[in-house]
Amino acid sequence: MTTFTPYYSADLEPSFVFGRTYVTRRRVTRIDAAALLSATVALILLVPARLILPGMTDIGRPGLVMGLLLFIWWLLARFTPTLSMTGPQPMRWALMGFLVSALISYAIGFMRGLTTMEANSADRMILYYGVFAGILLTAADGVPNWIRLRGVLKVLVMCGAVVGAIGIIQYITKIDITTYLQIPGLEAKGWAPGFEERGGGVRVAATTTHYIELAATLALILPFGMHFAMHAGTRWRRQISAFACICLAAGNAATISRTGILAIILMFVVLVPVWAWRTRYNILIMTGVMLAGLGGASPGLLRTLTRLFDDPSSNPAFTVRADRYPLAFHYISQRPWFGRGTGTWVAPQYQILDNQWLVTLIANGYIGAMVLALLHLTGIVLAFLAYRRSSTPEDKHLCAALISTQLIALVVAGTFDSLSFSTYTMILALTCGMCGTVWRLTHPARTVRTSTTRWFLGN
């Protein structure tokens with residue numbers, strides 16, 4: 001007996017469009033928000049951070065320029081109702097609070113009087129936040145459906161795996177292969193991290209500007225690699241994703257960073273409860289095999305990693321940071337509410353604190369720190385709501401992966417000046433925006449019908 005089984009297109013078109021209805025529409029275009037975000041991610045991760053457009057500061061990285069153009073594009077789209085997606089988006093309001101607070105602190109900084117170094121840094125930080133906003137808003141409002149969302153994440157995972165592989169090669173060979181990468185139209189400018197000896201090994205930075213930045217960036221990407229290793233559509237894609245996870249995790253280990261280890265632990269805290277017991281067992285086995293491989297390839301690396309969390313009272317990494325706290329709180333007490341001015345706590349004029357929360361408290365005050373925390377908490381809440389609304393294990397796991405990135409961001413901001421590093425910050429902006437994306441794609445007010453209905457002939 002012949003039957004017809006309906007198969008619905010993944011792209012949807014509205015049947016009813018109201019002011020608060022979420023919709024997606026099939027568009028005859030290949031360059032959409034997802035494609036531009038994918039290009040931005042590739043430029044940020046694959047182009048070494050020291051390569052910038054001629055005559056510009058570090059804000060002239062190609063990926064950052066692309067992010068700023070995305071912000072301008074989003075603003076123009078908001079003035080054209082037919083180009084913007086209707087309906088509320090809480091990430092917009094959370095970001096607005098963050099930006100308004102930053103602008104108020106920026107103005108207060110100039111009112112008190114700034115040195116030339118502080119003024120230049122303040123101007124740079126405002127542009128920098130524009131890039132952050134462009135990536136976040138384009139992801140939150142522009143990605144049209146689940147397929148395009150997964151496409152951006154696949155690009156993120158593959159590019160992150162390449163960066164992790166570069167870090168592994170650097171660790172093994174002690175050669176910075178990124179110095180041989182010359183891109184026409186770009187010039188090398190700024191500080192090159194080089195290699196730092198630690199515990200018999202070397203710390204690597206790959207295409208980023210610092211070892212801790214590389215560790216935190218790879219940790220933000222790893223949850224999505226694990227997502228595709230479990231939920232990719234075919235076996236070979238799952239195998240490729242699993243290999244990408246190995247590159248991400250091993251690249252993280254090659255940084256010899258406490259931040260990287262802490263971030264991975266936080267990822268497991270969120271994802272392990274979501275996994276079935278068989279998945280937990282498989283991940284445990286894979287982790288054991290990877291650690292054994294690392295131990296065989298570099299026995300000193302595992303010993304060093306296990307000693308990173310020695311007694312804090314005698315560990316310089318903890319004691320040096322603690323010695324800076326009295327100075328930080330002295331400055332905070334002078335201007336507690338909106339701080340000394342956005343971007344004005346700048347080295348070498350001031351001491352590096354290795355703690356983004358302290359830097360934010362000094363530069364933007366209690367209000368600035370609260371809205372920054374609220375930005376991440378909004379992402380967690382939105383991704384959690386999307387998790388509860390999702391009807392498939394794959395979508396639920398993706399939402400959990402996004403929750404883990406925001407938890408990581410909240411905690412590791414206390415271990416380094418996270419928002420001072422552009423690669424990490426822009427990948428963080430992407431994950432914040434995608435928390436808004438999954439909330440929007442699971443919103444109960446989406447009244448849609450299939451744009452095309454196809455039928456498969458079956459028996």
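Predicted model: local features only at pLDDT ≥ 70, side-chain atom pairs only at ≥ 80, totals over all residues.

Student: Which residues of α7 are buried?
Tutor: Among them are Ser 241, Asn 252, Cys 245 and Cys 247. The buried set also includes Leu 248, Gly 251 and the run Ala 253 and Ala 254.

Student: Changing topic, at what angle do α4 and α14 pack?
Tutor: Helix α4 (residues 116-142) and helix α14 (residues 422-441) pack at about 30°, and their axes are 7 Å apart. Because angles under 35 degrees count as roughly parallel, α4 is described as roughly parallel to α14.

Student: Which residues make that contact?
Tutor: On the α4 side they include Tyr 128, Val 131, Phe 132, Ile 135 and Leu 136. On the α14 side they include Met 426, Leu 430, Met 434, Thr 437 and Arg 440.

Student: How does the contact of α4 with α14 divide by class?
Tutor: There are 12 nonpolar, six polar and two charged residues in the contact.

Student: Is the crossing of α4 and α14 left-handed or right-handed?
Tutor: The crossing in which α4 passes α14 is right-handed.

Student: How many residues of α14 are buried?
Tutor: The count is 20 of the 20 residues, so α14 is largely enclosed by the rest of the structure. Helix α14 reaches 28 Å from its first C-alpha to its last, close to the 28 Å expected at 1.5 Å a residue.

Student: Could we take one residue there? Where is the place of Thr 423?
Tutor: Thr 423 lies in helix α14. Its relative accessible area is 0%, and it therefore counts as buried.

Student: What does Thr 423 touch, leaving out residues up to four places away in sequence?
Tutor: Thr 423 touches Ile 44, Leu 45, Arg 61, Thr 208, Glu 213 and Thr 217.

Student: Finally, the whole protein: how many helices and strands are there?
Tutor: The protein has 14 helices and eight strands. Of its 459 residues, 52% count as buried. Among contacts between residues at least 6 apart in sequence, 78% join residues at least 24 apart.

Definitions and conventions: Residues numbered from 1 in each chain as written. Heavy atoms only, no water. Buried < 20%, exposed > 50% of the residue type's maximum accessible area, 1.4 Å probe, protein only. Helix = DSSP H or I, 4+ residues; strand = E, 2+ residues; numbered from the N terminus. Axes fitted to C-alpha atoms, helices over the stretch in contact; angles between N-to-C directions. Parallel < 35°, antiparallel > 145°, perpendicular 65-115°, else oblique. Left-handed = near helix turned anticlockwise from the far one by under 90°. Contact = heavy atoms within 4.5 Å. Nonpolar A, V, L, I, M, F, W, Y, C, P; charged D, E, K, R; others polar. Expected span 1.5 Å × (residues − 1).
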